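Please take a moment to look over the sequence and the model that follow. The paragraphs after them go through a few selected places in turn.

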Amino acid sequence: MTLPLANLRVLDVSQIMAGPYCCMLLGDMGADVIKVEAPGTGDQTRRAMGFRLKGDDSGGFLALNRNKRSVEIDLKHPEGREAFYELVRQADILVENNRPGVAARLKIDFETLHAINPRLVYASISGFGQTGPWSRRPGLDLIAQASCGAMSVMGEPGGAPMKSSVPFADLGAALFASYAILSAVIGRATSGLGQYIDASLYETALGLSVWESAEFWGTGRVPAPLGSANRMSAPYQAVRAADRYMVIGAANDKLWTALCGVIGRPDLPADPRFIDNVARLSNRADLIPLIEQALAAAPADVWVERLLAAGVPAAPILDYAEALDTEQARAREMVLEIDHPVEGPTKALGFPVKLHGTPQQVRRPAPLLGQHTDEVFRELGIDAQRVARWRESGAFGAQRAAEMA
């Protein structure tokens, strides 16, 4: 069965997280993703995580680079750029995440590559975008979370600012970039031309701050940390049961009344402090202790079962060992096993969106560094003698040239 993006070739000239994740998403949908890596070192994520596997590549690299092929090219080497330009001639999409200005110095910027292949859709992912006074600042998920305001509203009231452990700026930038890329590919069908896409971690994180910006503009007050609570509804947060924490989402009066019935407090809906959502938000400090007092009578799983039976959204708070082993995760195939040539069978997250007509496939494990260099150029129809000349010149790295001698 042909996957929806099977006719697209993607050049992944990126490292770490946002760019590689974006390209992996395209690869999962069938695109031929060619990961262009620096000789000898490759993507920094290969060795960037704090734990080792059997080989040289980290778990993080394996998690972000399935369904790709790897070629080693020294983009600072004249003949390395010549080899890279041959890839560009037959590519549909390129994704890079250098700091603004680096691509131009390497002569792999949009203007240069557009002249070689006018149909190329070129996406840059950076910390703060290609323009503006902050554009040359280092681009990290941590920095984006701090600069967009998100860290100011995380954590407990009165506590130190906190970062989201899930890197939403990095991963969100990958998602925004992928939807922009596919929009540009669709547009190319009419115009015949590719275009430049400028995505950033900062604008991603700011763009996801929907509730917080609405609260600020609507009230004039700077949003403050609320722990796990919701800004618009109460009770809608983590609460303590007899054995562990759980969450409840009584987001309207009907659910609030049902919650009170389940926990044996049918008197609370008539209490003036909790008479409606506005009152509950204002008196959350009084409300949550009363709920937790009632929940202390039974374990979280018991309360979750009772609340769900009454139509009230609720769930236990699971750690990752539990979350990856639930019946729902198994039913939705959210844990896959992928055979790797060095690591053997390795576990990976499944596809978060299901296509029923053309379901995604794991066609390749994450590649070894430079594993497909010769294969890719051969498929592109590049003469073997020319590839040998590039290799001898050091375009694929001095060490590789010496190994092939």
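A residue is called buried when its relative accessible area is under 20%, exposed when that area is over 50%, and partly exposed in between. With a relative accessible area of 33%, V335 is therefore partly exposed. The structure shown here is a predicted model, and V335 is found in its strand β10. On the surface, V335 belongs to a nonpolar patch that it forms with V166, Y320, L324 and L349, and together these residues have about 490 Å² of accessible area.

What is the nearest side chain of opposite charge to E343? It is that of K54, at 5.7 Å, and because a salt bridge requires a side-chain nitrogen of Lys or Arg within 4 Å of a carboxyl oxygen of Asp or Glu, E343, although buried, has no salt bridge. The side chain of E343 does, however, have backbone atoms beside it: the backbone nitrogen of K54 lies 2.9 Å from one of its polar atoms, and the backbone nitrogen of G55 likewise lies 2.9 Å from a polar atom of the E343 side chain. If neighbours within four places in sequence are left aside, the residues in contact with E343 are L53, K54, G55, D57 and L62.

The backbone itself deserves attention at several places. A234 and P235 are joined by a cis peptide bond, with omega about -5 degrees, and P235 is found in the loop between α9 (210-219) and β7 (236-240). Elsewhere, I16, a residue other than glycine, has a positive phi near 70 degrees; I16 is found in the loop between β1 (9-13) and α1 (18-28), and it counts as partly exposed because its relative accessibility is 38%. K107, also a residue other than glycine, has a positive phi near 65 degrees. K107 lies in the loop between α4 (102-106) and α5 (110-116), and its relative accessibility of 46% is why it counts as partly exposed.

S183 has its place in helix α7, which comprises residues 168-191, and at 42% relative accessibility S183 counts as partly exposed. Although S183 and V121 are 62 residues apart along the chain, their C-alpha atoms are separated by 9.9 Å.

Technical notes
Residues numbered from 1 in each chain as written. Predicted model: local features only at pLDDT ≥ 70, side-chain atom pairs only at ≥ 80, totals over all residues. Heavy atoms only, no water. Helix = DSSP H or I, 4+ residues; strand = E, 2+ residues; numbered from the N terminus. Buried < 20%, exposed > 50% of the residue type's maximum accessible area, 1.4 Å probe, protein only. Lys, Arg positive; Asp, Glu negative; His and termini not counted. Polar contact = N/O pair within 3.5 Å; in protein donor to acceptor, adjacent residues only side chain to side chain. Contact = heavy atoms within 4.5 Å. Patch = residues over 30% accessible without salt bridge, like charges linked within 9 Å, V, L, I, M, F, W, Y side chains within 5 Å. Areas by Shrake-Rupley, 256 points an atom, 1.4 Å probe, with all protein chains shown as cover.
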